[in-house]
Amino acid sequence: MNDNYLILVAEDDDEIADILTSYIQRSGMRTLRAADGEQAIDTCRLKKPDLVLLDIQLPVFDGWTVLSSLRKESNIPVIMVTALDQDIDKLMGLRLGADDYVVKPFNPTEVVARIEAVLRRAKGSHEQLHNKPIRTSCLTVYPQDFYVEINGSGEVISPILTTTEFKLLAYLARNPRKVCSREELLNACLPEGDTLDRTVDSHMSKLRKKLENCGLKGVPESIRGMGYRLGENK
């Protein structure tokens, strides 16, 4: 694949990890490694890989624990690796949210093929999700068309928004009840910009004034000491 995906290989057997890493890199993808479950969780939080190849029998935290933890925080694709060719393990993995599984001993070429297949599915789902209209109680956002409409009045407000303001509004609209921290908003909407919290505050202040001028008061809502959420039109 030529997308330069980043793959985390969570495997405590160095020989197996070396083989998997070599084949994955040969296919054009980048790799990270974790030798235990705790390291796998920490690496996912810090490096945000595109997919995790997760061995079930990891030390510290086993693969089931790691998968359960990851699913509480993200939808990152996960392929489970097990030495136990038992249906109960496969069913448990799928029930906890695994995207696929491979059984040891495996063909490394097949593992790479499975990784590529899962990444293609994830990419398609991501694009479909992020292009469809986002409807909330007070407005509708059309991400693909850079278009925002106030519900009820039909007023279009996107022309007055900057690109960053639009990204912030769309992100909050996808999670209307969630309080998003400044750090989360920076990482999601301003990954290459200024990394100061007050940058988000400045953009949010301007966004709120523009929405207020269009009849939406108190949107986005500021939650003291925590961050922002879309809130409701007051």
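**Entry 1: I24**

Helices here are DSSP runs of H or I with at least four residues, strands are E runs of at least two, and both are numbered from the N terminus. The model is predicted, so I kept to its thresholds: pLDDT of at least 70 for local features and 80 or more for side-chain atom pairs, with all residues used for totals of chains, interfaces and linings. Residues are numbered from 1 along each chain as its sequence is written, and side-chain values use heavy atoms, without hydrogens and water.

Is I24 buried or exposed? I24 is buried, at 0% relative accessibility. The cut-offs are under 20% relative accessible area for buried, over 50% for exposed, and partly exposed in between, with a 1.4 Å probe and protein chains only.

I then listed the contacts of I24, meaning heavy atoms within 4.5 Å. Setting aside neighbours within four places in sequence, I24 touches I7, V9, M29, R30, T31, L53, V112 and I115. I checked V112 in that list: its C-alpha lies 6.1 Å from that of I24, although the two are 88 residues apart along the chain.

**Entry 2: helix α1**

Helix α1 has 13 residues. From first C-alpha to last it reaches 18 Å, close to the expected 18 Å. That expectation is 1.5 Å times one less than the number of residues.

Which residues of α1 are buried? I noted A17, L20, T21 and I24. They cover an arc of only 100° around the axis, so they sit on the same side of α1. The arc is taken from the directions between the helix axis and the C-beta atoms. On the face turned away from the buried side, I found the exposed residues E15 and R26.

Then I checked both ends. D13 caps the N-terminal end of α1, with a side-chain oxygen 3.0 Å from the backbone nitrogen of E15. Just after α1, G28 has a positive phi of about 100°.

**Entry 3: salt bridges**

I searched the whole structure for salt bridges and got 12. The criterion is a side-chain nitrogen of Lys or Arg within 4 Å of a carboxyl oxygen of Asp or Glu.

E11 pairs with K104, the closest N and O atoms being 3.2 Å apart. E11 is in the loop between β1 (6-10) and α1 (14-26), and K104 is in the loop between β5 (100-103) and α5 (108-131), so the pair ties together parts 93 residues apart in sequence. E11 is buried, at 5% relative accessible area. I also found that E11, D55 and K104 are linked in a network of salt bridges.

R33 pairs with D18 at 2.6 Å between the closest N and O atoms. R33 is in strand β2 (residues 30-34) and D18 is in helix α1, 15 residues apart. R33 is partly exposed at 35%, and D18 is partly exposed at 42%.

D99 and R71 meet at 3.2 Å, N to O. D99 lies in the loop between α4 (87-96) and β5, R71 in helix α3 (residues 63-73), and 28 residues separate them. Both came out partly exposed: D99 at 33%, R71 at 22%.

D100 is in strand β5. I have D100 as buried, at 15% relative accessibility. What joins the side chains of D100 and R114? I found a polar contact of 3.0 Å. R114 is also among the contacts of D100 beyond four places in sequence, together with V78, I79, M80 and V118.

F146 is in the loop between β7 (139-142) and β8 (147-150). F146 is partly exposed, at 31%.

**Entry 4: whole chain**

I closed with the totals. The chain has 8 helices and 10 strands. Of its 234 residues, 41% are buried. Among contacts between residues at least 6 apart in sequence, 52% join residues at least 24 apart.

Definitions and conventions:
A polar contact is a pair of N or O atoms within 3.5 Å; within protein, one must be able to donate a hydrogen and the other to accept it, and residues adjacent in sequence count only if both atoms are side-chain atoms.
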